[in-house]
Amino acid sequence: MNIRKTKTAFFCQSCGSKSHKWLGRCPSCGEWNQYVEEEIRDMPLSEAGFAGFDEVPVPLESIEADEKDRIPTGIGDMDRVLGGGIVRGSAVLIGGDPGIGKSTLLLQVLLNLARQGRKVLYISGEESARQIKLRGNRIGAASPHLLVLVEVSLEKILLHIREVKPEVVVVDSIQTMYSSALSSSPGSVSQVRESSEKLIIESKKTGIPVFLIGHVTKDGTIAGPRVLEHMVDTVLYFEGDSGHAFRIVRGVKNRYGPTNEIGIFEMGERGLTEVSNPSALFLSERPKGAPGSVVVPSIEGTRPILVEIQSLVSETTFGIPRRTTMGVDHNRVSLLAAVLEKVGGLHLGNHDIFINVAGGVKLDEPAVDLGIVSSIMSSFLDRPIDAGTVVCGEIGLTGEVRGIGQVPSRVREASRMGFTRCVLPRAASLEIPDPGITLLPISNIRELQESLF
Ligand code: TYD
Ligand code: MG
């Protein structure tokens, strides 16, 4: 008789790294208390169902692949974040908080594809067919080409995919999938890794693109293994909170297109719709003439979008002054506050600073430095910034305002949205011969105050 000893190992539930003994703190991601004992596969790969791709070496030039091979989803912003449509044989991971709209978006994508006459398969391990139907009714899904499968067994799913041969597959969610090759429970690192691995291999072999939906933990990473991010070709994250109607889908990794590209959607009664003019959306609730509020033209992916940064600077009542930020990097704000104190002469040492980017947008390019500084200054001095002004520029440690990229398109967007003045780095102002709005070039934050107020 062939008795196989069960082998186990410990896996970090946060990043997926493996250890032979339990560890309190993960050496690779630094998280505490994440190690859980799980069974590991102790059989040859071929027995586990994977016997490689069965391919032989071929000359590169004889391989057929075409950019036109992409399948357009028909949803403009979705195509944009994917880099121009769905690439055949690619695996896309979509992460986001529960309830943010992952299932809705992908059902809409599939529905659009089905309307083009393509056979598509939506596999759900979370909801019953009835629940999916009800959601489908809301978004108007009715097409004979859209097939739904409620299943969690990976082996059965693979059989169905082979039998149905759909053009696109969605797996909602990867954390519910279960392979009988392993005894650990669904959602555990080894199960998630095993299921994704098999699905990705199947997709590479058959050329059927697969979307994997993944839940995200509180700290903003895909629950379970971060290794999943390395396995797939494209990673998209849903941003924005469910308190607001709009949602941002951001590409954080893309083997077939630009990263950091975003798609902006609005959640309505009939599912998600694209937002055609994002700047207008983000500025719609702006309090004009309020101290602490400023507009920055930020480049998101390949396009400029105007967003509002708000600051509240108030005297610290006791203890250490606080710097609380939402949407911008905390350390960056501390640094800029120190520069303002030292070079700008603002006494922020006994003031709390709260910063928020309106609408739950996350800004991470240095070009918004000048916006952060301007809004802190405006709140501290209690003087509003002219409502027709935008600011952009990076700030160095000595208070110098440094050049940034893509200034002409930022200025164009500001002008398109009716802004009349733009404070920007002196070096960058030379790039724009015919701006259409008043340029206020500065080279140091000491000059900022004059141009703002
Ligand atoms: P869902 O796609 O189920 O989120 P996820 O799969 O990321 O968990 O989205 C559910 C939310 O979206 C829920 O709060 C209801 C809301 N919603 C609408 O507002 N309008 C709609 O047309 C649909 C289908 C959902
Ligand atoms: Mg869902």
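Start with helix H2, residues 102-115, in this predicted model. Its 14 residues should span 20 Å at 1.5 Å a residue, and the end C-alpha atoms do sit 20 Å apart, so the length agrees with expectation. H2 is also largely enclosed by the rest of the structure, because 12 of its 14 residues are buried.

**More on H2**
- The buried set begins with the run Lys-102, Ser-103, Thr-104, Leu-105, Leu-106 and Leu-107, and it goes on with Gln-108, Val-109, Leu-110, Leu-111, Leu-113 and Ala-114.
- In general, an α-helix has 3.6 residues a turn, so residues three or four places apart point the same way.

**Helix H5**
- H5 covers residues 189-206, and its 18 residues reach 26 Å from the first C-alpha to the last.
- That's close to the 26 Å you'd expect at 1.5 Å a residue.
- With 13 of its 18 residues buried, H5 is largely enclosed by the rest of the structure too.
- Just past the end of H5, Gly-207 has a positive phi of about 80 degrees.

- How many of the residues of strand E4 are buried? The count is 6 of the 6 in residues 91-96, so the strand is largely enclosed by the rest of the structure.
- As a rule, side chains in a regular strand alternate between the two faces of the sheet.
- In E4, Ala-91, Leu-93 and Gly-95 point one way, while Val-92, Ile-94 and Gly-96 point the other way, and all are buried.
- E4 runs parallel to strand E8 (residues 210-215), and 6 bridges join the two.
- Within that pairing, Ile-94 has Ile-213 of E8 as its bridge partner.
- Strand E9 (residues 234-239) is also parallel to E4, joined to it by 4 bridges.
- On the E9 side, Val-235 stands opposite Leu-93.

**A nonpolar patch on the surface**
- Val-56, Val-58, Leu-60 and Ile-63 make up a nonpolar surface patch, with about 420 Å² of accessible area together.
- One of these, Val-56, lies in the loop between strand E3 (35-40) and helix H1 (76-82).
- Is Val-56 buried or exposed? Its relative accessibility is 61%, and the cut-off for exposed is over 50%, so Val-56 counts as exposed.

Note on methods. Residues are numbered from 1 along each chain as its sequence is written. Chains are lettered from A and ligands numbered from 1 in the order in which they are written. This is a predicted model: local features need pLDDT of at least 70, side-chain atom pairs count only at pLDDT 80 or more; totals for chains, interfaces and linings use all residues. Side-chain values use heavy atoms; hydrogens and water are left out. Patches are made of residues with over 30% relative accessible area and no salt bridge: like charges are joined within 9 Å, nonpolar side chains (Val, Leu, Ile, Met, Phe, Trp, Tyr) within 5 Å. Accessible areas come from the Shrake-Rupley method with a 1.4 Å probe; for residues, only the protein chains shown count as cover. A salt bridge is a side-chain nitrogen of Lys or Arg within 4 Å of a carboxyl oxygen of Asp or Glu. Buried means under 20% relative accessible area, exposed over 50%, partly exposed in between (1.4 Å probe, protein chains only). Two strands pair if DSSP finds at least two bridges between them. The expected span of a helix is 1.5 Å times one less than its number of residues.
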